[in-house]
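I opened this notebook to record what I looked up in one structure. The entries follow in the order in which I made them.

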Amino acid sequence: MSLTTVSAHHPYSPAFIAGDLVFVSGALSVDPEGVAVEGRDEALDAAIDRMTDRLAVVGGKLEDVAKLTYYVTDLSLREEANRQFERLFAEPRPARTFVEVSALPYGATVEIDAIATATR
């Protein structure tokens, strides 16, 4: 199952360019086959990997990200997310929102969406 294409189960664009911005649909902490990834750091990395895959659909890369929103099923992931954020992004880092939710699809524990600048 590719999570970077539009399908009956995923009837939305993985990433959408509007003007000079790219809006990246939420990317779950699943492996490339759609299976939830176990482990705290591993789940965070899987969600970033899936988000990066979606961003790449429109030619974007991590350096283009201006804003991320993390949706997590356990608010205590914040410290691991902070370490990941510092590892992945140089200063000045993108803006970020960190929100706890009751559940995510496919048993995932993390979902990340993004707004990036469009590369032309």
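In which strand is the place of Phe 16? I found Phe 16 in strand S1, which covers residues 15-18. I note that the model is predicted.

**Surface patch.** I next looked up the surroundings of Phe 16 on the surface. Phe 16 forms a nonpolar patch there with Leu 21 and Phe 23. Together the three residues have about 270 Å² of accessible area.

**Helix pair.** I then turned to the helices. Two packed helices are described by the angle between their axes and the distance between the axes. For helix H1 (residues 40-56) and helix H2 (residues 78-88), I recorded axes that come within 10 Å and cross at roughly 45°. Angles from 65 to 115 degrees would count as roughly perpendicular and those under 35 degrees as roughly parallel; H1 and H2 are therefore oblique to each other. Their crossing is right-handed. On the H1 side, I listed Arg 40, Asp 41, Leu 44, Asp 45 and Ile 48 as making the contact. On the H2 side, the contact is made by Glu 80, Ala 81, Gln 84, Arg 87 and Leu 88.

**Salt bridges.** How many salt bridges does the structure hold? I noted seven. One that I followed up joins Arg 40 and Asp 74, with the closest N and O atoms 3.4 Å apart. This pair links distant parts of the chain, 34 residues apart: Arg 40 is in helix H1, and Asp 74 is in the loop between strand S3 (65-72) and H2.

**Backbone.** Most residues other than glycine have a negative phi, and most peptide bonds are trans. I looked up two departures. The peptide bond from Glu 91 to Pro 92 is cis, with omega near -5°. I placed Pro 92 in the loop between H2 and strand S4 (95-100). Tyr 106 has a positive phi, near 60°, and lies in the loop between S4 and strand S5 (110-117).

How values were computed: Residues are numbered from 1 along each chain as its sequence is written. This is a predicted model: local features need pLDDT of at least 70, side-chain atom pairs count only at pLDDT 80 or more; totals for chains, interfaces and linings use all residues. Side-chain values use heavy atoms; hydrogens and water are left out. Patches are made of residues with over 30% relative accessible area and no salt bridge: like charges are joined within 9 Å, nonpolar side chains (Val, Leu, Ile, Met, Phe, Trp, Tyr) within 5 Å. Accessible areas come from the Shrake-Rupley method with a 1.4 Å probe; for residues, only the protein chains shown count as cover. A salt bridge is a side-chain nitrogen of Lys or Arg within 4 Å of a carboxyl oxygen of Asp or Glu. Helices (H or I, at least four residues) and strands (E, at least two) are DSSP runs, numbered from the N terminus. Axes are lines fitted to C-alpha atoms, for helices over the stretch in contact, and angles run from 0 to 180 degrees between N-to-C directions. Angles under 35 degrees count as roughly parallel, over 145 as roughly antiparallel, 65 to 115 as roughly perpendicular and the rest as oblique. A crossing is left-handed if the near helix is turned anticlockwise from the far one by less than a right angle, and right-handed if clockwise. Contact means heavy atoms within 4.5 Å.
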